[in-house]
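This report describes the fold of one protein chain for a reader who is new to structural description. Please keep the sequence and the model in view while reading.

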Amino acid sequence: MSERSPAPGGLALVESLVNTLDIETGGDSLDTPEGRAGFGLTQDELPGARELRESLRAALLAHAGHPPHRAVTPLGELLARAPLYVAVDERDGSATLAPADGAPLLSRVAAAVAEALVTGTWNRLKACEAVTCHWAYYDRSPAGRGRWCSMQVCGARAKMRRYRAKEQEPREQ
């Protein structure tokens, strides 16, 4: 969908998970063995991964000021189940939350969200406002007010719809 560069750090994982579903076409890369392998998922883990994906999408829509696309399990409720530990770097004493060894996708996502909260980048990861898209993108705009994954596609479509609606309005004499 988008020509934007990937989100920084661990947010790239979140962004890529949300973008496994193309809402416009209905294509879901998690339906393929290759798509699942990219996230280290088994067939049995698929329902949980899809639930996580849609809860993430709802949070990213909220970051952009939009209501959830459908009813989902609250993201905080899902992330509270993620086994994490505090990893301390012996060289400089810095600490981060990290997923346990062999951690499921949920723990890797929770660690990525924790990292983004520390770096202040979490709210910059958004979902496109276009209802046929909702593609995740990292908003690099100076004011942090990006609305679409692509100005050339979703943004142009929205502007054209507004223009056409305005042209349809009766003109006052």
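## Basis of the report

The model is a predicted one, in which local features need pLDDT of at least 70 and side-chain atom pairs count only at pLDDT 80 or more, while totals for chains, interfaces and linings use all residues. Residues are numbered from 1 along each chain as its sequence is written, and side-chain values use heavy atoms, with hydrogens and water left out.

## Overall architecture

The chain contains six helices and four strands. Here helices (H or I, at least four residues) and strands (E, at least two) are DSSP runs, numbered from the N terminus. In sequence order, the pattern is α-α-α-α-β-β-α-β-β-α.

Of the 173 residues in the chain, 40% are buried. The term buried means under 20% relative accessible area, exposed means over 50%, and partly exposed lies in between (1.4 Å probe, protein chains only). Among the contacts in the chain with a separation of 6 or more, 49% join residues 24 or more positions apart; contact means heavy atoms within 4.5 Å.

## Helices H1 and H3

Two packed helices are described by the angle between their axes and the distance between the axes. For helix H1 (residues 11–18) and helix H3 (residues 46–63), the axes come within 9 Å and cross at roughly 110 degrees. H1 is therefore roughly perpendicular to H3. Axes are lines fitted to C-alpha atoms, for helices over the stretch in contact, and angles run from 0 to 180 degrees between N-to-C directions. Angles under 35 degrees count as roughly parallel, over 145 as roughly antiparallel, 65 to 115 as roughly perpendicular and the rest as oblique.

On the H1 side, Val14, Leu17 and Val18 take part in the contact, and they meet Leu52, Arg53, Leu56, Arg57 and Leu60 in H3. The residues of this contact comprise six nonpolar, no polar and two charged. In this scheme Ala, Val, Leu, Ile, Met, Phe, Trp, Tyr, Cys and Pro count as nonpolar, Asp, Glu, Lys and Arg as charged, and the others, Gly among them, as polar.

H3 itself is mostly covered, with 13 of its 18 residues buried. From its first C-alpha to its last it reaches 26 Å, close to the 26 Å expected at 1.5 Å a residue; the expected span is 1.5 Å times one less than the number of residues. After H3 comes glycine 65, which has a positive phi near 85 degrees.

## The nonpolar cores

A nonpolar core is a set of buried Ala, Val, Leu, Ile, Met, Phe, Trp, Tyr and Cys residues joined through side-chain atoms within 4.5 Å. The largest has 30 residues, of which Leu11, Leu17, Leu52, Leu56, Leu105, Val109 and Trp122 touch the most other members. At least two residues each come from H1, H3, helix H4 (75–79), helix H5 (105–119), strand S3 (125–127) and strand S4 (136–138). H3 gives the most, with seven residues.

Leucine 105 contacts Leu13, Leu17, Phe39, Leu41, Ala49 and Leu52, leaving aside its neighbours within four places in sequence. A second, separate core has six residues, including Cys128, Ala130, Trp135 and Cys149.

H5 has 15 residues and spans 21 Å from its first C-alpha to its last, close to the 21 Å expected. Its buried residues include Leu105, Ser107, Val109 and Ala110. Their cover includes H1, H3, H4, strand S1 (84–88) and strand S2 (95–99).

Threonine 121 is found in the loop between H5 and S3. It counts as buried, at 15% relative accessibility. Apart from neighbours within four places in sequence, threonine 121 is in contact with Leu11, Ala116 and Tyr138.

## Residues around S4

Most residues other than glycine have a negative phi. Histidine 134 is not a glycine, yet it has a positive phi of about 50 degrees. This histidine is found in the loop between S3 and S4, and it is buried, with a relative accessible area of 8%.

Tyrosine 137 lies in strand S4 and counts as buried at 0% relative accessibility. Glycine 146 is found in the loop between S4 and helix H6 (151–168). It is buried, with a relative accessible area of 17%, and it touches Lys126, Tyr137, Asp139 and Ser141, not counting residues up to four places away in sequence.
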